[in-house]
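This report describes parts of one protein chain for a reader who has the sequence and the 3D structure at hand. Please look at both before reading on.

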Amino acid sequence: MKTHEDRNSVKHYSLRYEVADLFFEQKCTPKEIGKRLNISRERVYPLLKALFDNGEVIYLPPSDHILEKSLEAKFTLRPGSVTVVDTGRVTSPDAFAARVADRAFREIKDISQQKRGADIGLGLGPGAATLKVAERLGAMMRSDPDAPRLNLVGISSACIASKPEYSCTSFFNLFPSSHVVSSVGLFAEPIVPTHAFDNLKKRPGVAEAFAAKSSVNVVITSMGDVTDEHDLLGMLLTQAGYISDKEKPTQWVGNVMYRPYTVVGPVHEAANSPRAVTLFELEDFVEMSRQKEKRVILIARPCGGCQQLKDKALRPLLQNVDLRVWSDLIVDQQTAAALVREGTSLSGKAKATRLQKR
């Protein structure tokens with residue numbers, strides 16, 4: 001038996017559907033919609049907004065196919081592996097996130113189909129970029145009753161203490177409970193000495209995440225540039241007292257999931273050097289990106305704090321096969337254009353070989 005609240009909810013959903021049909025399909029103005037539905041024009045606007053907020057209508061910015069083809073040709077990339085998002089002269093975090101979430105949702109559904117409807121392990125990295133994507137992806141799944149069910153896994157404990165909303169586990173609540181089978185967080189101090197890392201993996205709150213590592217099918221994570229003052233890895237190391245701005249490793253170029261790299265390849269810290277606590281290493285991502293039922297979706301957008309482009313940090317990930325840590329790269333138009341304009345066109349094994357000899 002439906003309660004009064006249930007009936008009101010159904011009625012409200014039906015009204016949103018009628019508003020959507022009139023606005024998008026019949027091209028009616030809010031004033032015309034109000035007359036047709038016998039409601040005030042002022043009531044139409046929040047109903048339209050609710051369509052976007054609830055994921056029932058999703059706006060996706062266009063892709064720049066010319067830049068996509070240029071990047072594929074320049075760096076010998078797999079066709080269709082790069083999405084260049086056109087969000088205008090200043091990259092909109094929300095619009096960019098919508099495009100990433102759309103790609104992630106399609107990949108999740110594709111792998112689920114390959115696995116005959118099996119649940120999908122989704123690993124989430126921390127940070128502002130992934131937060132926006134999780135918001136959008138959760139809305140998409142909420143609006144699709146037939147979407148695959150997820151096993152959520154937090155893949156890092158590293159997070160700025162004053163920004164808890166950027167931690168992996170905080171994203172879990174953005175997904176509808178009807179689509180989540182299980183959730184596993186990674187709970188440990190964000191930075192530890194490298195020699196202590198192996199023992200840390202056995203501790204409660206950490207061991208559970210490492211036990212779920214092999215079940216992760218899709219990873220969504222972002223990257224950082226060592227020269228960016230807002231780079232979270234640099235901020236964590238500085239706050240922990242390990243480095244100062246003048247002591248940043250000069251060979252580092254960037255990091256993916258808080259794992260640093262140079263133009264040659266992944267960084268392997270000395271035993272007494274600090275490192276972030278993460279579930280995956282860069283070599284793991286390289287291996288995952290080559291597997292049929294695995295995806296690593298890498299977000300490469302300008303810094304949310306200062307809009308600095310990440311083209312210089314991204315370039316080694318395109319040139320060096322030992323750093324091909326992604327299967328799906330989502331990049332903004334400005335960064336893609338900078339990559340196409342600058343540098344040489346050598347790529348693949350030949351480029352990697354030259355880098356190794358330097």
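Strand S10 (residues 295-300) is mostly covered, as six of its six residues are buried. Buried means under 20% relative accessible area, exposed over 50%, and partly exposed in between (1.4 Å probe, protein chains only). Helices (H or I, at least four residues) and strands (E, at least two) are DSSP runs, numbered from the N terminus. The model is predicted: local features need pLDDT of at least 70 and side-chain atom pairs count only at pLDDT 80 or more, while totals for chains, interfaces and linings use all residues. Residues are numbered from 1 along each chain as its sequence is written, and side-chain values use heavy atoms, with hydrogens and water left out.

Burial applies to both faces of S10: Arg295, Ile297 and Ile299 lie on one side, and Val296, Leu298 and Ala300 on the other.

| Strand joined to S10 | Bridges | Direction |
|---|---|---|
| S6 (residues 216-225) | five | parallel |
| S11 (residues 328-332) | four | parallel |

Ile299 in S10 stands opposite Ser222, and its bridge partner in S11 is Ile330. From S10 the chain passes through helix H11 (residues 311-319) to S11, in a right-handed β-α-β crossover. Right-handed means that, with the strands pointing away from the viewer, the path from the first strand over the helix to the second runs clockwise.

Next come the nonpolar cores. A nonpolar core is a set of buried Ala, Val, Leu, Ile, Met, Phe, Trp, Tyr and Cys residues joined through side-chain atoms within 4.5 Å. In soluble globular proteins, nonpolar side chains tend to be buried together. The largest core here has 57 residues, and Val256, Phe285 and Leu317 have the most contacts inside it. Apart from that core lies another, of 30 residues, including Ile299 and Ala97.

Val256 belongs to strand S7 (residues 254-256). Val256 counts as buried because its relative accessible area is 1%. Leaving out residues up to four places away in sequence, Val256 touches, among others, Phe285, Leu298 and Leu317; contact means heavy atoms within 4.5 Å.

Ser112 lies in helix H5 (residues 93-114). Its relative accessibility is 6%, so Ser112 counts as buried. Beyond its neighbours within four places in sequence, Ser112 is in contact with Gly117, Ala118, Ile120 and Pro148.

Key
Pairing = 2+ DSSP bridges.
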